[in-house]
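Hi everyone, thanks for having me. Let me put the structure up on the screen, and then we can walk through a few spots together.

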Amino acid sequence: MTNSIAEVKKPILSIKDLSIAYDKHYAVKNVSVEIKKNTVTAIMGPSGCGKSTLLRALNRMHELYENITTEGEALLNGQNIYDISPIKLRRHMGMVFQRPNPFPTMSIYDNVIAGYKLNGIRTKKKERDEIVERSLRDVALWDEVKDSLYKKGTFLSGGQQQRLCIARALAFSPEVILMDEPTSALDPIATSKVEDLLVKLKENYTIVLVTHNMSQAARISDYSLFMYLGELVEYGKTKNMFTNPIDPRTEEYLTGKFG
Amino acid sequence: MEAIQALKNQDHSGRRQLKDKLFFYGIIVLSLVTISPIILIISKLVVEGYRQISLDFLIQTTPDTFEAMTAVSNGEKIPGGIANGIVGTLLMVVLASAMAIPIGILTGIFLYENQGKFMANLTRNISDILQGIPSIVLGLISYLWVVKHVTSGFSALAGSVSLAIMMLPMIVRSTEETLKMIPQTLKEAALALGVPYHKVILRVLVPTGFSGLLTGILLGISRILGETAPLLLTALGSSVISLDITKPTSAIPLLIWEFYNDPNMVDLIWSSSLLLMAIVLILNIVSKQIAAKRK
Ligand SMILES: Nc1ncnc2c1ncn2[C@@H]1O[C@H](COP(=O)(O)OP(=O)(O)O)[C@@H](O)[C@H]1O
Ligand SMILES: [Mg+2]
């Protein structure tokens, strides 16, 4: 874990001794890590190692499950996220899911602005138009859909739908965007579009990306976490981890011995 | 290899073809048996009832038995119509829906939200039992509750209460089933936008399942449209158009029952049944269409 210390970028998220259990079965064990601002951080590891659980703990979506226990803390800009209401927290931490999930009853426009509409946040029409255009431009979807903004979002292709979902998360200008294997349901071309997008988005946002695709992590992430059986095995600059892993388990995973 | 060849050469084809044929004709016969009642019913209603159907039939109230007798003995069309029944049915269906739909949808949401919990299971079972209670018993209950204690007499309100109890379990069920079919990911998408839970249900799940809820409501309405027994004990019937929910009112099925008991009004039985049947059929087709569109 030494190779991260030299880095001076300030952390936006500090996770301290975070443990999460379902029914006393620990899925995340004592994870401590600092996520730096304006970076892409990849969470890697074999399936079932607790990647999604850790990610969902960051915007408290894991609380949807019953019998969950959470120990430790996570600070967003120095404030413990368990002291903020989940509703407020989630407006600062956008989330993108494995499968594109636009609201089927809503138009493309309404999907982008859904966070405002569903929360009953009043905005002027001009302001909404601006938010929609900016968010769709951010995900490079504006030119493709600007003439069909009032069509249902579900008419788009899978890749376009996923970018629409990213736009929906961006509409609130969140500080952090959490993504759980956002390209695993997409074809290679759509995947590479989303990857390009993430690299661009980190100029303005901080991205935490769960992926079980190692080459994806290598291509687009600045930092990587490697998890195994709920533990954080290794954390550091992606370049260093891929060329010179410290822990033997990381090396085994990266060389394809398990996963 | 040889064994397979031998099997192939065995000639069962004659017997098999016969079996296939028997099966095929059997199915045709059975389907005919199933659809013939509905064809017979509809043709009977149309043949016997169409003569009475006219604008007057829809906007006039029921004739008295003397008027009807005169018309019948002169070989004329019976004057008047069933507007008092149409208005009464509409009034009671609207009232019953106003009671059953909100309660039913809220209960359905409660069941969906509390899968596997004791109170939810209990509520679901009670709702299922309610569905099995004979409608005449619901009429009796509403008689005891509403006719005796609320409106102090037969009333549209009492009729609506019995119909609402009848509709309620259907709406509860369809709401729960509809919500269960909505993918979890949609709920998560809304929650991840910081939308409070109750708004997720009301603004995302309910609109997404809207056509399913509507189907349940339409089927519920078509179920209560033809109910007669509970209305005999509650709404009683009336020969005038009344919008006062504390007063007795007529309904199309009540009129059919009255016409049945009056030898001079026989012709009106068929036309009234035709109208009722047409409404129920249209509601059923519409709800099937909505359900099919969702797929
Ligand atoms: N809702 C849940 N209830 C109980 N156990 C769960 C639940 N979700 C995940 N788990 C368990 O927690 C562990 C980590 O799961 P998860 O975070 O989904 O892993 P990953 O995303 O790395 O595949 C697994 O052992 C899984 O079985
Ligand atoms: Mg996962």
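Let's start in chain A, with a pair of strands. Strand β7(A) is joined to strand β8, residues 206–210 of chain A, by five bridges, and the two run parallel. If you want one pairing to look for, find I177(A): its bridge partner in β8(A) is I207(A). To get from β7(A) to β8(A), the chain passes through helix α8, residues 188–201 of chain A, and this β-α-β crossover is right-handed. Please keep in mind that what you see is a predicted model.

Now look at the other neighbour. Strand β6, residues 93–96 of chain A, also runs parallel to β7(A), with four bridges joining them. Here M95(A) sits opposite L178(A) of β7(A).

So, how many of the residues in β7(A) are buried? Five of its five, residues 176–180. Both faces are covered: V176(A), L178(A) and D180(A) are buried on one side, and I177(A) and M179(A) on the other.

Stepping back, an unreviewed UniProt entry annotates residues 13–254 of chain A as "domain: ABC transporter". In the model, that span is 38% helix and 27% strand, and its end C-alpha atoms lie 26 Å apart.

Last stop, chain B. L243(B) is in the loop between α12 (229–232) and α13 (252–260) of that chain. Is L243(B) buried or exposed? It counts as exposed, because its relative accessibility is 63% and the cut-off is over 50%. Beyond its neighbours within four places in sequence, L243(B) is in contact with V87(B) and L91(B).

Key
Residues are numbered from 1 along each chain as its sequence is written. Chains are lettered from A and ligands numbered from 1 in the order in which they are written. This is a predicted model: local features need pLDDT of at least 70, side-chain atom pairs count only at pLDDT 80 or more; totals for chains, interfaces and linings use all residues. Side-chain values use heavy atoms; hydrogens and water are left out. Buried means under 20% relative accessible area, exposed over 50%, partly exposed in between (1.4 Å probe, protein chains only). Two strands pair if DSSP finds at least two bridges between them. A crossover is right-handed if, with the strands pointing away from the viewer, the path from the first strand over the helix to the second runs clockwise. UniProt positions are given in the numbering used here, feature names are shortened, and annotations may be inferred rather than shown by experiment. Contact means heavy atoms within 4.5 Å.
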